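User: Please take a close look at the pockets of this model. What lines them?

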Amino acid sequence: MNVSVLGCGRWGSFIAWYQATVLKNRVISWGPEGDYSYEILKTTGKNDYVRLDKSITLTCDLQRALQESDVIIISISSQGLRGFMQKITAYDVKDKIFILCMKGIEEATGKRLSEVLLESGIEKNKIAVWVGPGHIQAFTQGIPNCMIIDSYDENLKKTLAESFKSNLIRFYYGNDIIGTEIGAAAKNVLGIAAGVLDGSGYPSLKGPLMARGAYEVGKLIKALGGEFNSAYGLAHLGDYETTLFSEYSHNRRYGELMVHGTKFDKLAEGVMTAKAMKELADKKGLELPITEAVYEACFLSHAFDGGDGARICMEIILKLFDRVTKSEF
């Protein structure tokens with residue numbers, strides 16, 4: 001299979017490594033010229049996560065990456081996807097398969113990422129998403145995990161799942177693209193909340209966070225037209241270990257450092273996803289108290305302005321305990 005991976009960051013470089021080293025596909029890895037992630041790979045052939053196989057073609061020529069492969073995997077910051085698609089659709093890509101290996105909700109519109117591709121002119125039966133648990137540091141040590149491929153097209157997701165499976169990654173077919181995408185994005189918001197609990201010395205509250213968080217996300221998925229139970233699948237609940245507990249989780253680390261008034265210097269997709277989820281909940285008239293608390297901690301708490309980050313963040317979290325007592329379900 002001829003595969004181009006667009007994006008040279010953490011996941012992009014791993015996907016290129018996986019496609020070439022494990023699956024033995026012909027791989028082009030693309031990154032923008034001058035971008036740090038691209039330049040470090042160009043200069044050294046490796047980054048903090050992987051060493052690229054010599055068979056991988058590294059390029060900053062987007063036209064070449066699009067023209068020479070049948071399958072295009074995108075792994076960039078979710079908030080930059082719409083602008084990036086404008087560059088992609090300047091070329092003839094009508095016969096290409098697009099796979100989104102990224103998690104988020106477009107903050108400006110509340111759209112799922114596959115919806116951004118649809119609105120960019122990509123045909124429904126050419127779009128798939130690849131999400132689920134797993135950290136690169138574990139995968140490259142040979143530690144396996146399970147992931148999901150979902151799509152609007154039944155045949156496409158089955159073909160891709162069968163083509164991409166290995167002893168390192170077991171794939172499942174997703175059966176609710178709304179729930180798959182929202183669940184995958186929302187777990188990053190729960191990761192920030194988990195980091196706040198860790199940083200504040202209340203890790204035991206991560207049990208209630210998991211139970212109530214999945215229920216909250218299920219309500220949002222259902223309100224958007226998906227299946228409530230998708231929140232309990234691999235895209236969301238199944239990804240909690242790697243997001244709420246792992247030392248490698250960017251979102252958990254973001255919340256942990258926020259408590260101490262320190263900004264995390266890497267991408268934490270949950271920040272803008274919390275804002276997007278809050279706005280979606282407001283439109284749908286939903287109560288999403290954990291999401292609201294994370295949004296307030298990230299955008300309204302002034303935890304980064306030299307104040308007492310731990311006190312501020314915990315006041316926000318503990319407000320959840322003041323809510324009216326009610327039945328669990």
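Analyst: A pocket here is an open set of grid points with protein on both sides within 12 Å along at least five of seven lines, and its lining residues have an atom within 4 Å of a point. The model is predicted. Its largest pocket holds about 1,000 Å³ of space. There are 41 residues in the lining of this pocket, and those closest to its centre are G9, R10, W11, S75 and L267. At least two lining residues each come from α1 (10–22), α2 (36–44), α4 (81–88), β6 (127–131), α8 (177–200), α10 (240–245) and α11 (250–259). By type, the lining of the largest pocket has 15 nonpolar, 17 polar and nine charged residues.

The second largest pocket has a volume of about 620 Å³. It is lined by 23 residues, of which P208, R212, I290, L320 and R323 are the closest to its centre. Two or more of the lining residues come from each of α8, α9 (206–223) and α13 (289–299). The biggest contribution to this lining is from α9, which gives seven residues. The lining of the second largest pocket divides into 14 nonpolar, two polar and seven charged residues.

How values were computed: Residues numbered from 1 in each chain as written. Predicted model: local features only at pLDDT ≥ 70, side-chain atom pairs only at ≥ 80, totals over all residues. Heavy atoms only, no water. 1 Å grid on protein atoms, 1.4 Å probe; cavity = no way out; pocket = protein on both sides within 12 Å on 5 of 7 lines; lining within 4 Å. Points joined across faces, edges and corners; volume = space filled by probe spheres on them. Helix = DSSP H or I, 4+ residues; strand = E, 2+ residues; numbered from the N terminus. Nonpolar A, V, L, I, M, F, W, Y, C, P; charged D, E, K, R; others polar.
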